Amino acid sequence: MKVLIATAYDYPHAGGLSTHVTTLKAGLESLGHEVDVLSFSNVPPTLRKVYAQGPSFLLNKVKKGKGIVWSHNVRKKMLKALIEKNRHKQYDIINAQDPFTALAAIETGIPTVATVHGYMTFESISKGSMDEGSQEANYMKEIERKAYKGARKIITVDQRLKDYVKDESGIEATAIRNFIDIHNFKPDKDKKAEFRQKHQVSQDDEVLFVPRRLTKKNGVIYPAMAMSRILEKHPNAHLIYAGSGEAMNEIKRIVEENKLQKNVTLLGAIPHDQIKEYYALSDIVLVPSVHSAGVEEATSISALEAMGSGSPLVACAVGGLKEIVNHEEDGLLVEEKNVEELAEAVIELLDDPAKGERFADRARTKIEEEYSHIAAAQKYESIYKSALK
């Protein structure tokens, strides 16, 4: 089967969607399918700036939300043109990764399956890109409904999104939880000292790692807020962020106000291959997601990667995180936005490293049994075949 995975966003980029695409491609290819990826990154840079990014910036100055609507519509047109340009490759099916791309693919007449990774409109509101109840938000919501109704099959990455699609459009989707390449993300703790030396991290530090985009729904400010309490008990604790986003400045403010400059490092976005090394050199991984403007974490790829990599996990009990983490068995769950509870969970694992190791061992077993990219690719293959009927 010839499969085109398409998205109106950049690929590759730092984020769960890009990781999902890479891992799904690897899984499908292991089953013998031919897979290409087409994204906004395939559009020449000049065209992107002149027709999408530049006007979007200016329109947002006129009214919040106008720019993002413009940008998404231009991206849709560009993706459709790219798909048409590649029609000679005779794809059997397109797996669109967002609503605008789904509509672009549907318009080409090629059988289209849409994967729903999140709540597009609510996420734009959460990031401050548009206002709730605005004309722009209503337009985006209508785009979502149109895409759900137009695709031959809908896949969601968790049960809540499946319910959301049903509520919004009446369409019955198939929930396939996120997954990871279990051969790529595996325990590598024997290289802990080597990776610390490579990335200039002290061998004596107790490293807390946050592999998240710095955006509101990821709750990234709370680990920084918890550091003062953690340092009272563990003065060698070192918090490392790998990601970029609009919350960067707020984290910097918290760090400065609490004089945490020596104990907090903001790496910015780093290549995914390096993320693996930071999992290996860390003592604890934090995934502190929160509810934000109706958005909650799906089956977090960062959490799955941490669990697959042999790192004990502390996560907030929201969304899909409650489904993948069994509290006090293969990780710790804490109340969202509860700084004290987050700090105490970290201290608990730093006080008792053997407990963290037990959690990590059980988590790895769970990942191998339930979140393999090969098993997920087989499910996607089944959906594709059903769509082609």
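## Helices H9 and H10

In this predicted model, the axes of helix H9 (residues 221-233) and helix H10 (residues 248-257) come within 9 Å and cross at roughly 5°. Angles under 35 degrees count as roughly parallel, and H9 and H10 are therefore roughly parallel to each other.

On the H9 side the contact involves Ile221, Ala224 and Met225, which meet Glu250, Ile251 and Ile254 of H10. Five of the residues in this contact are nonpolar, one is charged and none is polar.

## Nonpolar cores

The largest nonpolar core has 36 residues. Leu208, Met227, Ile230, Leu239, Tyr241 and Val314 have the most contacts inside it. At least two residues of this core come from each of the following: strands E7 (206-210), E8 (237-241), E10 (284-287), E11 (313-316) and E12 (332-334), and helices H9, H10 and H14 (339-351).

Leaving aside neighbours within four places in sequence, Leu208 is in contact with Met227, Ile230, His238, Leu239, Ile240, Ile284, Leu286, Val346 and Leu350. Another core, of 32 residues, lies apart from the largest one and includes Tyr278, Ala315, Ile324 and Ile367.

## Annotated N-terminal domain

An unreviewed UniProt entry carries the annotation "domain: Glycosyltransferase subfamily 4-like N-terminal" for residues 15-182. In the model this span is 58% helix and 12% strand, and its end C-alpha atoms lie 18 Å apart.

## Ser56

Ser56 is placed in helix H2 (residues 45-62). Its relative accessibility is 10%, so Ser56 counts as buried. Beyond its neighbours within four places in sequence, Ser56 is in contact with Gly67, Ile68, Trp70 and Ser71.

Terms used
Residues are numbered from 1 along each chain as its sequence is written. This is a predicted model: local features need pLDDT of at least 70, side-chain atom pairs count only at pLDDT 80 or more; totals for chains, interfaces and linings use all residues. Side-chain values use heavy atoms; hydrogens and water are left out. Axes are lines fitted to C-alpha atoms, for helices over the stretch in contact, and angles run from 0 to 180 degrees between N-to-C directions. Helices (H or I, at least four residues) and strands (E, at least two) are DSSP runs, numbered from the N terminus. Angles under 35 degrees count as roughly parallel, over 145 as roughly antiparallel, 65 to 115 as roughly perpendicular and the rest as oblique. Contact means heavy atoms within 4.5 Å. Ala, Val, Leu, Ile, Met, Phe, Trp, Tyr, Cys and Pro count as nonpolar, Asp, Glu, Lys and Arg as charged, and the others, Gly among them, as polar. UniProt positions are given in the numbering used here, feature names are shortened, and annotations may be inferred rather than shown by experiment. Buried means under 20% relative accessible area, exposed over 50%, partly exposed in between (1.4 Å probe, protein chains only). A nonpolar core is a set of buried Ala, Val, Leu, Ile, Met, Phe, Trp, Tyr and Cys residues joined through side-chain atoms within 4.5 Å.
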